[in-house]
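Work through the exercises below with the structure in view, and try each task before reading its solution.

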Amino acid sequence: MGYLHKREDMLAAAVALARAEGLGALSFGRVARIVGTNDRTVVYYFPSKSDLMGAVLDDLGRELQDLLVTAFGDRPLPAHDLLQRSWPVLAQPQADPLIAIFFEIIGQAAVHRSPFDELAPVLLDQWLTWLEPRVDVADPGQRRDQAMALLAQLDGLLLVRIVAGPAAADQAARAFGIIPAQAAM
């Protein structure tokens, strides 16, 4: 009897490929070659490219969320405090490949490229749903709005980091009051 490939094998190969070359590099054939099987086996576990990308994003998203949970602590905090705690985690070179993948989705969705245009709104909603209970607000009706504002600030800073470099992003973070004026990252 031959080797039985598992879903976890396929996903691990897809995640490794996305990390190395971006989500655009994902294909059933490439994942199959990495694992040593045929593309029909990959399709068995991930019936569409959207399913494959979604699973990769879930995996990478959990990795980022694990980093942020450690930074955020156990109790809800005001959005600005969450921003201050998350920036040092996300502004590390180790996070850059993960952040690049998330910006790839946003960029491809902005030009209506499938399946990115389907995945981006789902991804945004998942992040907001995850972030909402961590935001401490006086009016619970404002929690989602505050989570959205926090995400917008983080994404803006991360975009500056990608386009203009870490020093420019840190300068913007200082202007937001996220890092002290004398601190350098």
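**Exercise 1.** State how many aromatic pairs a search of the whole structure finds, and classify the pair of Tyr44 and Tyr45.

*Solution.* The search finds four aromatic pairs, where rings of Phe, Tyr and Trp (its six-membered ring) pair if their centres lie within 6.5 Å, and planes under 30 degrees apart count as stacked, over 60 as edge-to-face and the rest as tilted. The ring centres of Tyr44 and Tyr45 are 4.9 Å apart and the planes stand at 85°, so this pair is edge-to-face. The model is predicted: local features need pLDDT of at least 70, side-chain atom pairs count only at pLDDT 80 or more, and totals for chains, interfaces and linings use all residues. Residues are numbered from 1 along each chain as its sequence is written, and side-chain values use heavy atoms, with hydrogens and water left out.

**Exercise 2.** Describe how Trp127 and Trp130 are arranged, and decide whether Trp127 is buried or exposed.

*Solution.* Begin with the rings, which form an edge-to-face pair with 5.5 Å from centre to centre and 75° between the planes. Next, Trp127 has a relative accessible area of 11% and is therefore buried (buried means under 20% relative accessible area, exposed over 50%, partly exposed in between, with a 1.4 Å probe and protein chains only). Finally, Trp127 and Trp130 belong to one aromatic cluster with Phe72 and Phe102.

**Exercise 3.** Find which residue lies over the face of Trp130.

*Solution.* The residue is Arg134, at 4.0 Å from the ring centre; a charge sits over a ring if NZ of Lys or CZ of Arg is within 6 Å of the ring centre and within 35 degrees of the ring normal.
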